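Q: I have a chain open in my viewer and would like to learn how to read its features one by one. Could we go through it together?

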Amino acid sequence: MPDQITSAGPLPKDAIATEIDLGRPIGISPHFSVHATGKRQVLLLSEERSFRLGGRLYVALLPYLDGKRTGQDVVKAFDGRVPAERMRSVLQDMLKKNYICYLDAAAPAARQAMWVELGLPPADAERDLAGHAVAVVPVSRNPVVIQSTKALRLALTQAGVQVAARKDADLLVVVVEDYLRRDLATMNRRMRKAGRTWMLFKAGGSMPLLGPLFRPHGAPCWACLSNHMMENRPGDTVVRAEAAVIRPARAYTPASLSFAATFAALELARALADEKSSTLESHVLSFDLPRRAYGQHMVRLTPNCPVCGAKERPKETLERAKKPLVLQAHPVLGQVDGGWRTLPADEVVYCKAKGKEQSDYEVGGSEFEKRCARR
Ligand SMILES: [Zn+2]
């Protein structure tokens with residue numbers, strides 16, 4: 001693991017402040033261990049990186065950068081010793097280099113350190129996390145579902161997520177013993193009608209699963225997901241229609257459920273603290289216990305999904321197919337992948353799933369770019 005002492009560091013996303021806001025609490029980024037070595041040198045050591053700050057001012061600043069004081073407080077503390085503009089410039093530079101960051105004075109330092117390690121600005125992550133409440137509801141009285149529900153509620157609380165009653169929550173996590181319970185089709189439609197955002201969680205079995213996020217007016221929906229999962233479970237189709245659950249999770253221990261719940265709680269907290277780019281918006285997260293492998297699986301939209309897709313219009317599709325192929329010039333991407341792509345692979349998949357034409361995805365304000373911007 002490289003651990004060379006350097007004088008500049010990588011900037012996590014959103015860390016580059018255009019202008020420092022001295023009205024907010026700031027402090028040394030909480031993932032650093034801080035060591036003053038002599039009167040002129042400060043070492044900032046994280047698990048993987050090391051930074052050296054040379055100068056008496058850095059040593060003098062340390063007691064004030066505890067996350068309890070605003071930038072203005074820090075500047076005032078040096079009134080008469082260091083010009084305010086000089087102090088502002090130093091703090092601005094430290095902020096840009098991620099040596100210091102905005103902090104939530106009331107939140108645990110260790111959790112804020114975790115946000116930094118995950119690439120999130122801690123104060124913003126705490127604000128976003130506090131803005132949500134999650135309800136965890138069991139889909140059945142199956143013992144694995146009940147135990148998983150309790151484990152997830154506990155783990156969410158420990159992760160800093162507000163757990164609320166169903167009526168007070170803006171996200172509903174439905175705990176299941178099988179992602180393809182047949183009554184989830186009804187629930188899918190009911191949730192959309194009620195305008196609820198929800199997701200599934202399965203703690204039992206050899207592969208715990210979480211997500212994706214089902215939005216009431218968005219896609220994919222549970223029908224899209226089940227459509228693709230059924231491709232790997234053809235045997236389900238021959239089971240009698242009255243069976244509500246065909247493959248409930250049968251393998252579990254209290255420890256495996258607790259592990260899965262903790263994994264899910266951390267991912268949920270991360271998603272709630274990072275509304276701009278949550279992987280859970282379009283992926284199922286998994287933990288493959290036999291292979292000890294974490295995975296994320298993009299959920300393909302189902303074209304003409306009867307629940308969330310556009311209505312199928314066979315005549316229009318046929319007419320479109322009759323049109324002759326027209327070749328057009330497009331700039332190729334600047335990446336070298338052995339081909340001549342004009343669009344990234346995932347954009348093509350998204351484009352096809354939505355039934356869009358390539359012209360809808362031209363460079364500059366394309367739907368794909370907007371989609372990325374929404375993440
Ligand atoms: Zn759908």
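A: Ala261 is buried, with 27 other C-beta atoms within 10 Å. Please keep in mind that this is a predicted model, where local features need pLDDT of at least 70 and side-chain atom pairs count only at pLDDT 80 or more, while totals for chains, interfaces and linings use all residues. Residues are numbered from 1 along each chain as its sequence is written.

Q: What percentage of the 375 residues in the chain is buried?

A: Buried residues make up 30% of them.

Q: How many helices and strands does the chain have?

A: Helices (H or I, at least four residues) and strands (E, at least two) are DSSP runs, numbered from the N terminus. Here there are twelve helices and 14 strands.

Q: In which helix does Ala261 lie, and which residues does Ala261 touch?

A: Two residues are in contact if their C-beta atoms, placed from the backbone, lie within 7 Å. Ala261 lies in helix α9. Leaving out residues up to four places away in sequence, Ala261 touches Ser148, Ala151, Leu152, Ala155 and Ala203. Take the pair Ala261 and Leu152: they are 109 residues apart in sequence, and 4.6 Å separates their C-alpha atoms in space. Over the chain, 69% of the contacts with a separation of 6 or more are between residues 24 or more positions apart.

Q: Which residues have the most contacts inside the largest nonpolar core?

A: A nonpolar core is a set of buried Ala, Val, Leu, Ile, Met, Phe, Trp, Tyr and Cys residues joined through C-beta atoms within 7 Å. The largest one has 76 residues, and Leu152 and Ala265 have the most contacts inside it. Helix α9 (residues 254-273) gives the largest share of this core, ten residues. At least three residues come from each of domain 1 (5-104) and domain 2 (131-298); the domain bounds come from an automatic or database domain assignment. As for Ala265, its contacts beyond four places in sequence are Leu152, Ala155, Leu156, Gln158, Ala159 and Val161.

Q: How do I read the packing of two helices, and at what angle do α5 and α9 pack?

A: Axes are lines fitted to C-alpha atoms, for helices over the stretch in contact, and angles run from 0 to 180 degrees between N-to-C directions. Angles under 35 degrees count as roughly parallel, over 145 as roughly antiparallel, 65 to 115 as roughly perpendicular and the rest as oblique. For α5 and α9 the angle is about 105°, with the axes 7 Å apart, which makes α5 roughly perpendicular to α9. Ala125, Asp128 and Leu129 of α5 make the contact with Ala269, Leu272 and Ala273 of α9. To sort such residues by class, Ala, Val, Leu, Ile, Met, Phe, Trp, Tyr, Cys and Pro count as nonpolar, Asp, Glu, Lys and Arg as charged, and the others, Gly among them, as polar. By that scheme this contact has five nonpolar, no polar and one charged residues.

Q: Which residues of helix α4 are buried, and what covers them?

A: In α4 (residues 109-117), Gln112, Met114, Trp115 and Val116 are buried. Their cover includes β7 (100-102), α5 (122-130) and α9. Glu117, also found in α4, counts as partly exposed, with 15 C-beta neighbours inside 10 Å. After the helix comes Gly119, with a positive phi near 85°.

Notes. A residue is buried if 20 or more other C-beta atoms lie within 10 Å of its own, exposed if 12 or fewer, and partly exposed in between; C-beta atoms are placed from the backbone.
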